[in-house]
Structure formats: structure tokens, C-alpha cells
Amino acid sequence: MKKVALLATALAMVTGSAFAADMPMKALKAPPAPAFDPWDVAFGGAIMNDYIFRGVTQSNHKPSVAAYFEPRYNVNKDFQLYVGVSAESISFANRAAAEVDIYGGIRPTFGAFAFDIGVWGYLYPGGSCADNVLTGGVPGGGVCPVSTTTIFLADGNVMKKDVSFFEVYGKVNYTINDSFTVGATEFYSPNFLNSGAWGNYASLTAKYTAPSTVFGASGVGMYVSGEFGRQWFGTSDAFYGTGAGTVFANGIPYKDYNTWNIGVGFTYKVVTLDLRYSDTDLNKGDCNAFTSAFNATGTTNVTPINPGGAGSNWCGAAGIAKLSFDLTAMTNLK
């Protein structure tokens, strides 16, 4: 009887141990996943020796400063809504001294493809009508209303008081790998620079980003990027006509042109130094007709749309050095 009791006790101990080994352990609680915050804000600023827009200087080849503020809402990791405002200092013939941009759109991502679709408004406050006629001692009377605030341009050009306009746009970037990205852009305005002429701009872009170790452990990064684009135009309204009795008295068919740029950039944390070469194939005469430059010179740059012969260097080769900083609240201010 004693042997039977011992055997039963041993069997109970073995069975209990096996059963305990099969029992699931109580799982430790995983730390809670951080709450998804869809809101973010990007902002930054820049200083540059020249503000070039599609190959044409907006600052008379003089230094310019810029800043932007862009709230963003991430519906999910592949779809973003955004609005923004930016400003740049400029130097126009109508004496507008600033460009204020208001924009908004969507940024959907599909695998390696990143899209950006939206509307961009370009505002140029503070301008005055620029004329080349003096009537009775009162500035104006040619194409500008008679007013004591009218500006005189000695080179014969004219410019509207308000050249604000908007464009609709679409962009796409394709990420080939960690180093190479290619893309395309398309912008359209029914009234470019409020000139009466439609404008269409399309371009191809490419960017190479060097490995993060290119400068060792310094944290400095580097990239090389370039763009080739073409700007098409319609015909301006009569304000910019070349004068009564001429072929273009009712408006100028602005010259389409190609533009390109290539440059190298260096990054460190939130700071970027971009060094770039930009150029176009617009000659000085057609450039003058398009830009209404206030400092055009000469009489030999005669073209069908520039019969006066004054020429402008606003569309020629330029080197741009730009120092900028860019931050996002969720990444840099947490």
C-alpha cells in the first residue's frame, strides 16, 4: 500500500509539472504605440545672390531673401493635404518689391511615385503703372491712367500696376533607388503675369544624392540636380502692344523659350547651400519684350516683337548661390 501511495504521488508531480509547462505565460504589456498625429508644419527661409524663376531674374540680378510657412495634414502615410504662404524680395519695373505666394494642393504617393497637384497664386503688391509717355506734365496718358503715381521707364517699356496671376500645376517624382530620383513638372496659367497671354511650363528634373558617408561622419550630405524646361506663351493684351500702326499693336506674341539649370548642393542638418548655373535661349531683345525690364539698354536688339531695339540681360546666364534652412515641426521641434 505504501508503494502505491508513493507511485501516485510521483505521478501527480510529473503530471502537474508537464501541465504547468504547457500553460501559457502571461504576456508582458507592450508599450503603447505612439498616437498618430496627422498635423505638421514646414517652414524655412533663404538668402540668395539672385532670385531666378524659370531662367529669368526676378531681382535684377541682385540679392533676394525668401521665407515660407506650410501647414500640412497627413490623411495617412501616403496622402497629404497642404496649404502655404511664401514671400520673396523682387525688383520689377512697376516697383513692386515683393512676391507673395499663396498655394495649396495634395501630395499622394504610390510606391516609388510621389505626386504633387495644386494651385499657386503669385501676388505682387505695391506696384504702380509704368508708362513711357508724358502728357501735359502729368505722368501717364499713354497706356497708364493719368496719375501722379505713374512710373516713367526711360527705356520705352511699360508694365501694369498689378501683374498678379495664378497657375495650376502637377509634379511627379520617381525614386529609382536611394541615390537617384527623376521627375516631371507641368504648370499652366490662363493669364501669365496678368499680361493677357496664357502661359504653359513643362520640365524634366533629375537628382543624385550622394551616400551619407561621402564626407565621413561629419553629417554633411551632398547632391547634384538639374532641370530642363520649356515655357510657352500666348499673345498679350493691347496694353503691351508695340504701338499703333505696327503688326503687334493689339498685343505681343511672346517668344517661347527653353531654360535649364544644373547645380550642386551641400546639406548639414536643416541647412542647405545650393550652387547653381541657370540659362535660357532667349535673346536680349525678346527678353526685353517679355520682362519689361526697367534697365534695358541699346538700340540694336531689334526683333519682330521688340522693334525699339532695347535689350535686357534678365534672361541670360546666371550663377546662383542660395543658403537656406528648412524645418518641420514634428521632426525638428519635438
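Modeller: There are seven salt bridges in the structure, each a side-chain nitrogen of Lys or Arg within 4 Å of a carboxyl oxygen of Asp or Glu. The model is predicted, so local features need pLDDT of at least 70 and side-chain atom pairs count only at pLDDT 80 or more, while totals for chains, interfaces and linings use all residues. Numbering starts from 1 along each chain as its sequence is written, and side-chain values use heavy atoms, with hydrogens and water left out.

Take Glu 167 and Arg 54 to begin with: their side chains meet in a salt bridge at 2.9 Å, N to O. This pair links distant parts of the chain, 113 residues apart. Glu 167 belongs to strand S12 (residues 165–175), and Arg 54 sits in the loop between strand S2 (52–53) and S3; strands are DSSP runs (E, at least two residues), numbered from the N terminus.

Asp 237 pairs with Lys 160, and their closest N and O atoms are 2.5 Å apart. Asp 237 counts as partly exposed because its relative accessible area is 26%. Lys 160 has a relative accessibility of 13% and therefore counts as buried.

Another salt bridge joins Arg 276 to Asp 274, with the closest N and O atoms 2.9 Å apart. Arg 276 counts as buried because its relative accessibility is 16%. Asp 274, with a relative accessible area of 11%, is therefore buried as well.

Salt bridges also link Glu 70, Arg 72, Arg 107 and Asp 116 in a network.

For contrast, there is a nonpolar surface patch of about 710 Å², made by Phe 110, Phe 113, Phe 115, Ile 117, Tyr 174, Ile 176, Phe 180 and Val 182. Patch residues have over 30% relative accessible area and no salt bridge, nonpolar side chains being joined within 5 Å and like charges within 9 Å. Strand S7 (113–123) and strand S13 (180–189) each give two or more residues to the patch, and the largest share, three residues, comes from S7. Phe 113 lies in that strand; its relative accessibility is 39%, so Phe 113 counts as partly exposed.

Definitions and conventions. Accessible areas come from the Shrake-Rupley method with a 1.4 Å probe; for residues, only the protein chains shown count as cover. Helices (H or I, at least four residues) and strands (E, at least two) are DSSP runs, numbered from the N terminus. Buried means under 20% relative accessible area, exposed over 50%, partly exposed in between (1.4 Å probe, protein chains only).
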